[in-house]
Amino acid sequence: MIFPRRLVQLLVLLIQSGWWGVTASPTDEGALRAGHGEHGEPGHQEPHKDSYSTFASEFLESRYLSDDGYPFPTAPPVDPFAKIKVSDCGVTKGCIRYGKPGCDAETCDYFLSYRRIGTDVEYEMSADTDGWVAVGFSSDKKMGGDDVMGCVHDDNGRVRIHHFYNVGQWAKEIKRNPARDEEGIFENNRVTCRFKRPLYVPREETLVDLHLSWYYLFAWGPAIQGSITRHDIDNPPVSDRMISIYKYEDLFMPSTAYQTFNSPLCLLLIVALTFYLLMGTP
């Protein structure tokens, strides 16, 4: 209940003037004197009255008057988003990088890290997009029937954590969101986020048990008014093997351009072309 300002001010004045039960009645004064001998020591009553009045007035002013012109104390500043530390990859957390060889959380097409913190798993995600970035937990490397956590950049500039369930090639948002301690940022045309979710949950259709190992699906793409749309690439990358949150690795997955360049057939063609140029035509 919020008191009107005038009423609260009147209550404060009454308290400070000795009304509202603060001033002792004649009966109370007699009891005080009886407790301290014939002469009594009524002086002990005044400090109690003063301290009570001061406390009551300060309490009312700090509790209620702020809604009518008395501002609450300024909230402490929110800590800025701490950058993802890739130096911890393979040491105190596991990381998966997709993109150019040697890329990090700010330059990879897609970046994911995971680490255990008590009964939770903390995930960090980042992707080269202005819309959304997500990770899915799959038992078969294919989209469909997967638990998905996504970070979505909305029209207000905020990055929010959402929980999805893959139905075929499309993601359906689930109201039950296991994420907590979430934070995110959109900067340099990248969506980056960090959140925790419980390590163990009772197994159900839309929420997997992270004690178990899963194939990780990686996806990112544009968003419209805070809603995700189709991912940027037709065949989003998938981890080559099941990922265990108990094993901290630093895995690199080359993007499509580098996969083509590094393929055995491409290398063979390059060697053949080089040999042909060096030897010349007959």
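Q: Is cysteine 108 buried or exposed?
A: In this predicted model, cysteine 108 is buried, with a relative accessible area of 0%. Buried here means under 20% relative accessible area, exposed means over 50%, and partly exposed is in between (1.4 Å probe, protein chains only).

Q: Which cysteine does a disulfide join to cysteine 108?
A: Cysteine 103, with an S to S distance of 1.9 Å. A disulfide is called when two cysteine sulfur atoms lie within 2.5 Å. Cysteine 103 is buried too, at a relative accessible area of 4%.

Q: And what's the handedness of the disulfide of cysteine 103 and cysteine 108?
A: The S-S torsion there is about 85°, so that disulfide is right-handed.

Q: How many disulfides by this rule?
A: Three. Another one joins cysteine 89 to cysteine 95, S to S 2.0 Å. That link is left-handed, with -80° about the S-S bond, and both of its cysteines are buried.

Q: Which cysteines are in the remaining one?
A: Cysteine 151 and cysteine 193, S to S 1.9 Å. The torsion about their S-S bond is about 65°, so the disulfide is right-handed. This pair ties together distant parts of the chain: cysteine 151 sits in strand β5 and cysteine 193 in strand β9 (residues 190–198), 42 residues apart. Cysteine 151 is buried at a relative accessible area of 0%, and cysteine 193 is buried at 0% as well.

Q: What's the pairing if I number the bonded cysteines in sequence order?
A: 1-2, 3-4, 5-6.

Q: OK, strands. How many does the protein have?
A: 13 strands, along with five helices. These are DSSP runs numbered from the N terminus: H or I over at least four residues for helices, E over at least two for strands.

Q: Where does β5 pair up with β6?
A: β5 covers residues 147–153 and β6 covers residues 159–167; they pair antiparallel over seven bridges. Strands count as paired if DSSP finds at least two bridges between them. Cysteine 151 stands opposite isoleucine 161 in β6.

Q: What order do the strands take in the open sheet of five?
A: β7-β6-β5-β4-β10, with antiparallel pairing. β7 (170–173) and β10 (215–221) are at the edges with a single partner strand each, so one side of each has no neighbour in the sheet.

Q: And the order in the open sheet of six?
A: β8-β9-β3-β2-β1-β13, and the pairing is mixed. Glycine 94 has tyrosine 114 as its bridge partner in β2.

Q: What about confidence, what pLDDT does the protein average?
A: 76, and 61% of the residues score at least 70. pLDDT is the predictor's confidence in each residue, from 0 to 100.

Q: Where does pLDDT stay under 50?
A: Residues 19–49 are one such stretch, with 18 contacts beyond four places in sequence (a contact means heavy atoms within 4.5 Å). Residues 55–68 are also below 50, and that stretch has 24 contacts beyond near neighbours in sequence. Where pLDDT is low, the predicted coordinates should not be read in detail.

How values were computed. Residues numbered from 1 in each chain as written. Predicted model: local features only at pLDDT ≥ 70, side-chain atom pairs only at ≥ 80, totals over all residues. Heavy atoms only, no water.
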